[in-house]
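Subject: Handover of a structure

Dear colleague,

I am passing this structure on to you.

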Amino acid sequence: MKEKQTRRLIGELRSSVDEIDKLLASGKADLTVDFSACTFISVEGLEWLEEMLMRAASLQANVSFVNMPPPIYKVFKVAHIDSILQASGSPPPASTGAAAC
Amino acid sequence: MVGTIKDQDVALSERVNNLVRRARLAAAVFTQYSQEQVDAIVRAMTIAAIDAAQKLALAAHEETRMGLVEDKMLKNLVASEFHYHQIKDKRTVGIIKEFPEDNMVEVAEPVGVILALAPVTNPTSTVIFKSMAAAKTRNSIIFSPHLMAADSSNMTAKILYEAALAAGAPKDFITWVEKSPRLRRETELMMVHPEVDLIFATGGTQMVKAAYSSGKPAIGVGSGNTPVYVHKTAQIASAAMDIIISKTFDNGTECPSEQTLIIDSAIAEPLLEQFKKLGCYVCNLEEVEKVADVAIDPRKGGMNYKLVGQPADTIAAQAGLKVPKGTKVLLCPLQGNLRSHRLAVEKLMPVLGFVTVDSEQEGINRALDINYAGGTGHTAGIFADDDGVIERFSDAINAGRVIVNCPTSIGGLGGVYNNLNTTLVFGCGTGGGNITTDNVGIKNLINYKRVPKRSNFSLTFQTTKNIYINPGSIDNLRNLKTKSAFIVTSASAGRRGHLSAVLERLPGDCRVDVFSGVGVEPDFSTIQKALQQMRQTQPDTVIALGGGSVLDAAKIIRLFYDYPNLRIQEVALNFLDFRHRLAVFPTKMSTQLVAIPTTSGTGSEVTPFAVFKDHETHRKVSLIDECLLPDVAILDANLTKSLPREVTLDTAFDALTHALESLVSTFASDYTDGLALEAMRLIFEALPEVLKNGSSVLWRHKLHNAACLAGMAIGNASVGINHALAHSLGAHYDIAHGRANSVFLLTTLDYNKRIPSKFMSVSSYPLWVADQKYARAAQFLNLVPAQGASNVAVSSNLLSDEQRQAHIKALERAVYDLAEAVGQPKSIAELGIKQEDFAKALPELVRAAFEDMALRTNPRCPLIKEVESLFVHAYPPRQRP
């Protein structure tokens, strides 16, 4: 059973976060990433999140994203990256069967 | 090593996915940018584009061998400097527009990932323009260049992207398809890629068509074929120069450029002379055929793409014409049937057709021939010094831009010769198979989120200005300012002595005419008769003396006397919301209206309503407007002393209905609530006393006041479903209005006290509170709740459900008991209507009630089946609640 760890991202996420990378690499913890103090995500930040989730999956570590401010959650929604949406607890995209009106 | 076709397809697909994914991430990140960040990025891009304008023009010309370097540089500057000037102060982030009067704002949402096509004719300026537009609107953009101009287009994209990136733009928000033999295929794959949100197509017709066929939202352009009408009022010398400037601009590659001139014959000779003088060559008919042979592709009937953007010298040489060196434009007279002439099509080269015409009509029609020969929706031009001609031309021609007294090519670009939005993308509307006729720009790259806030109806309180209320107040007629009065009344006013009481008190020098023909529930023919009589004496005052029917008739008579051109069908038209209704009522009345009620019921002396009966349809018709309000009301209870018991009862129950309905109306306010409650209290108190002693002025006075207060309440809050049912029943069976109201009272109280099956959608009625209002009435009237409920005086909205129901039941019982005590009917059966007749009439009764405007302010939104059920429910004799 892995221990649960939470890490809070503070300010702008523009590149990888060593502390989180190391924590994941240790293979000892499931991770919760708290975005409540995250103010901006760059393309590089998004790419790192996706890549980090891939590594976590290969290590069978659970990663979840919590407390996303709406502008950050919207970035995830618009980016359409499945793994990030899943970690955010976002519902899957709507089916196309809705009526147009 | 050579890969298989399958390998190549996989690689191509990977390239496409990679490009689109990068653009997608950039679009996501861009959503976080502020207006200030975006503006700084666009500024940096503009500087880079201006710096590189010449370099890019040279690159484009070298690669495409089309057009002129000088003009390509000008286009680069228009796309950057002019474009920037137009968009720099525009808001594209957050709230971008406010509509304070509509209580609404618009908020910008980026469109996302844009796939942008760049044409061979403008490979650099288009990329500058679209890159800046994308950045300003926080979109990412992938350029798909034309294969023959890919290097210069991609160079442009790279220069602008690097400048933007340095200014803080998201990585990869501008990307481009690299030049390769499979560039076209790569573009096609992106057009249908699920992560591309919008196709921004400028290019060949086939690519634009492919964009529109992709199933994606697309902004495309259509082909042009610009007709230019040179009217006889045109300034000949400047028109000639403008046309040359335009047709030689980038050697004619601009699609809004002139294709065929339509010249008034009166000025044809001097205009052609001017063209010659300025360096154009006017071909003879034989030469025209030679030019057509090279300029037109015989297989397709369209222009020969090999000559697009080539100078006139080159085209003349290919056609075997000997023209002076440096010839600017080859002018070709198009003789014969213009519609089928080979040169009557788009020619993006300095070859210009012309015809002469003998009239404005012929001029516009020939322009239409060119316009509809492949150029609908695009561009047209006119040179004229006559606004009428310009207007008629603009009205006839189907073009997104009608350029007046300017070169159509540079004029169409916008910002140089006129104030059109600068663009390199010319929307052609449905005429060109497009969604817009705009000079496409940033406004087309935004999703507009409209945020309308709730608009509450502005409630006002209005009533008759002067109300005299004491017994004996009829004496105030002595001071009435009138020289000529027209009295509208009924025959009974004479019998009861009311008419003589009025006549005695009018000023001595006042001429008086009397119309006594208003009976019970008059129709419009009665009003017309009164009007006919009234117009003979030309009075300045109308005095309405009588009950509700007389007062209502007088209101309509005054309205049509002051405004004889009004149409009754329009002013009586039903409406959902009077702010939007079709009828236009006057705002000022010139004839004074004095209302003297002789019954205590309708309160018509203080309401903006007037009802008459349509005897053909057996329905009641309502007019509602502030202009119907009388100027003076005289409430003299002495005039009601001789009122028969039955009329006293009927009218009092009408007033009680007004009070009960206005209290729970969706338009009720604190102002009307107070009036309604006090009216109820006075009726419950005074009516039994009046019935005991009909000549008691004190109690008559109280009842008279009650009716007036209730009238003020409905005058501002209106009535409800009880009136709709009563209007229908009363009109069908000729039942007095108040009596018809009374038979529904218990039924509608029971209906409105329940949580609606359908709520009323009225902005100013945010909460259904009818049950609380009824409970409040019970409290105000000091009615004893049924056993088990607390009688502690608390606000009605703080009562428990059980207490509230007990209060409502007390109110219902009070209404029942009053009717029972005074002998007023409480059910339809008591009116003597046979059940078989009623059952037969029921569908029509329901139809009429459902059309009644009184329903609009009822606290429950009635369903048709509920209206039917209410009629049925109101039929049998009632038990005490």
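This is a predicted model: local features need pLDDT of at least 70, side-chain atom pairs count only at pLDDT 80 or more; totals for chains, interfaces and linings use all residues.

Residues are numbered from 1 along each chain as its sequence is written, chains are lettered from A and ligands numbered from 1 in the order in which they are written, and side-chain values use heavy atoms, with hydrogens and water left out.

Contact between the chains

Contact (heavy atoms within 4.5 Å) involves 15 residues of chain B and 17 residues of chain A. Together the two chains bury about 1,300 Å², 59% of it on carbon and sulfur atoms. Buried area here is the accessible area (1.4 Å probe) that two parts lose on being put together, summed over both. Of the area that chain B buries against chain A, 41% comes from B:Leu25, B:Gln32 and B:Lys171, more than from any other three residues.

Three salt bridges are counted between chain B and chain A; the term stands for a side-chain nitrogen of Lys or Arg within 4 Å of a carboxyl oxygen of Asp or Glu. A:Glu47 forms a salt bridge with B:Lys171, with the closest N and O atoms 3.1 Å apart. Helix α1 (residues 5-30) of chain B gives the most to the side of chain B that touches chain A, namely seven residues. Helices (H or I, at least four residues) and strands (E, at least two) are DSSP runs, numbered from the N terminus.

Chain A

Chain A has four helices and three strands. From the N terminus on, its elements run β-α-β-α-β-α-α. The C-alpha trace of chain A spans about 50 × 30 × 20 Å along its principal axes.

Sheets of chain B

One open sheet of chain B has five strands in the order β5-β4-β3-β6-β7, with parallel pairing; two strands pair if DSSP finds at least two bridges between them. β5 (174-176) and β7 (218-219) stand at the edges with a single partner strand each, so one side of each is left without a neighbour in the sheet. Strand β4 (residues 140-144) of chain B pairs with β5(B) over three bridges, and B:Ile142 has B:Thr175 in β5(B) as its bridge partner. α1(B) packs on this sheet, touching β3 (113-117), β4 and β5 of chain B, and its direction makes about 155 degrees with that of β4(B). Axes are lines fitted to C-alpha atoms, for helices over the stretch in contact, and angles run from 0 to 180 degrees between N-to-C directions. Helix α5 (residues 125-136) of chain B also packs on the sheet, at about 165 degrees to β4(B).

Another open sheet of chain B has three strands in the order β1-β2-β15, and its pairing is antiparallel. The twist averages 25 degrees from one strand to the next. Seven bridges join β2 (residues 104-110) to β15(B), where B:Ala108 stands opposite B:Tyr448.

Salt bridges overall

Over all chains the structure holds 56 salt bridges. In one of chain B, B:Asp509 and B:Lys483 have their closest N and O atoms 2.7 Å apart. This pair links distant parts of the chain, 26 residues apart, with B:Asp509 in the loop between α17 (498-505) and β18 (511-515) and B:Lys483 in the loop between β16 (466-468) and β17 (484-489).

Regards
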